[in-house]
Amino acid sequence: MMSTKRPARRPGGRTAAVSGAIKTAVEELVAEKGRDRVSIPMVAERAGVNPTTVYRRWPDAATMINDIATYRLDPTRPMPDTGDLQRDIGHWATEILRHYRKPINVDLLRGRTTKKKNSESDCLHGRLDEAAQLVANAGHNTPVTAEEVVDRVLAPIMYRVIFLPWTLTDDYAQSLTDKLFDDR
C-alpha cells in the first residue's frame, strides 16, 4: 500500500535554503578572513554545497561577495514608514551607513565588476527609488524631495565610505538628516 502522506516542504524550498547557507558562509568567512581571502570553494565547503552550485550563481568570489553584501539593501525590503519623514530618512540612511561602513572593494562600489552584463546588485542601485518611496510615504506636503535626500544625506555618506571611511560615526547619517530638515 502506497502512503498518501506528502513529504514536508521547506519554506522557500531548496533554493532558499541553499542561498541562505551560502550567504551565511560568505558573511562568516569575510568576518574571519577578510574579503580578499575568501574563495568560492571555501564558501561552498562552509555552506555544505558543491562549488558548482556557487559558480552557477556567481562567476567569481568578488562578485559573490558584492551580491551577498548588498542583499540586505534589496529594494523590495520594507522601508521605514512611521509617519515621521525625518525619522524615516534618518533610519534609512543609518541602515545604509552601517551596511557600507564595512570595508568594501572600491572598484565594486564604482560598478567595475567582472560580470559581463549590468549588475542589478550594484551597491547604489535603487537608492534614489528608495528615497522617493520614503518621501512619497510622507504624503504630498513633504518639506524635502527624493533628490535632496540623496544629495544631502546619501551622497556625503558614500563619499566618506569611499574616501574617508575612518571618519564615519554611528550618528553621522542622523546628523545629515537633521541638517537637511533644519535648513527648511
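**Helix packing in a predicted model**

Me: Which hand does the crossing of α7 and α8 have?
Reply: In this predicted model, helices α7 and α8 cross in a right-handed manner. The contact involves Arg127, Leu128, Ala131, Ala132 and Val135 on the α7 side, and Ala146, Glu147, Val149, Val150 and Leu154 on the α8 side.

Me: At what angle do they pack, and how far apart are the axes?
Reply: Helix α7 and helix α8, the latter covering residues 146-163, pack at an angle of about 120 degrees. Their axes are 8 Å apart. The angle makes α7 oblique to α8.

Me: Why those two values in particular?
Reply: Two packed helices are described by the angle between their axes and the distance between those axes.

Me: Let us stay with α7. Which of its residues are buried?
Reply: Helix α7 spans residues 127-137, and its buried residues are Arg127, Glu130, Ala131, Leu134 and Val135. Viewed down the axis of α7, these residues fall within an arc of 135 degrees, so they line one face of the helix.

Me: And which residues are exposed on the other side of α7?
Reply: Asp129 and Ala136 are exposed there.

Me: Now for α8 and α9. How do their axes cross?
Reply: The axes of α8 and helix α9, which covers residues 172-182, come within 10 Å and cross at roughly 155 degrees. An angle over 145 degrees counts as roughly antiparallel, and α8 is therefore roughly antiparallel to α9. The crossing of α8 and α9 is right-handed.

Me: Which residues make that contact?
Reply: From α8, the contact is made by Glu148, Val149, Arg152, Val153, Pro156, Ile157 and Arg160. From α9, the residues are Tyr172, Ala173, Leu176, Thr177, Lys179 and Leu180.

Me: Where does Asp151 sit? Is Asp151 buried or exposed?
Reply: Asp151 is in helix α8. Its relative accessibility is 53%, and Asp151 therefore counts as exposed, the cut-off being over 50%.

Me: How far is Asp151 from Leu180?
Reply: The two residues are 29 residues apart along the chain, and their C-alpha atoms are separated by 9.9 Å.

Me: A change of topic: where is Asn50?
Reply: Asn50 lies in the loop between α2 (40-47) and α3 (51-57). Asn50 is partly exposed, with a relative accessible area of 44%.

Me: What separates Asn50 from Ile40?
Reply: Asn50 and Ile40 are 10 residues apart in sequence, and the distance between their C-alpha atoms is 9.8 Å.

Me: Could we step back to the whole chain? How many helices and strands are there?
Reply: The protein chain has nine helices and zero strands. Along the sequence, the pattern reads α-α-α-α-α-α-α-α-α.

Me: What share of the residues is buried?
Reply: Of the 184 residues in the protein chain, 36% are buried.

Me: And what is the accessible surface of the chain?
Reply: The accessible surface comes to about 11300 Å², and 52% of this area belongs to carbon and sulfur atoms.

Me: Finally, what share of the contacts joins residues at least 24 apart?
Reply: Among contacts between residues at least 6 apart in sequence, 65% join residues at least 24 apart.

Conventions. Residues numbered from 1 in each chain as written. Predicted model: local features only at pLDDT ≥ 70, side-chain atom pairs only at ≥ 80, totals over all residues. Heavy atoms only, no water. Helix = DSSP H or I, 4+ residues; strand = E, 2+ residues; numbered from the N terminus. Buried < 20%, exposed > 50% of the residue type's maximum accessible area, 1.4 Å probe, protein only. Contact = heavy atoms within 4.5 Å. Areas by Shrake-Rupley, 256 points an atom, 1.4 Å probe, with all protein chains shown as cover. Arc of directions from axis to C-beta. Axes fitted to C-alpha atoms, helices over the stretch in contact; angles between N-to-C directions. Parallel < 35°, antiparallel > 145°, perpendicular 65-115°, else oblique. Left-handed = near helix turned anticlockwise from the far one by under 90°.
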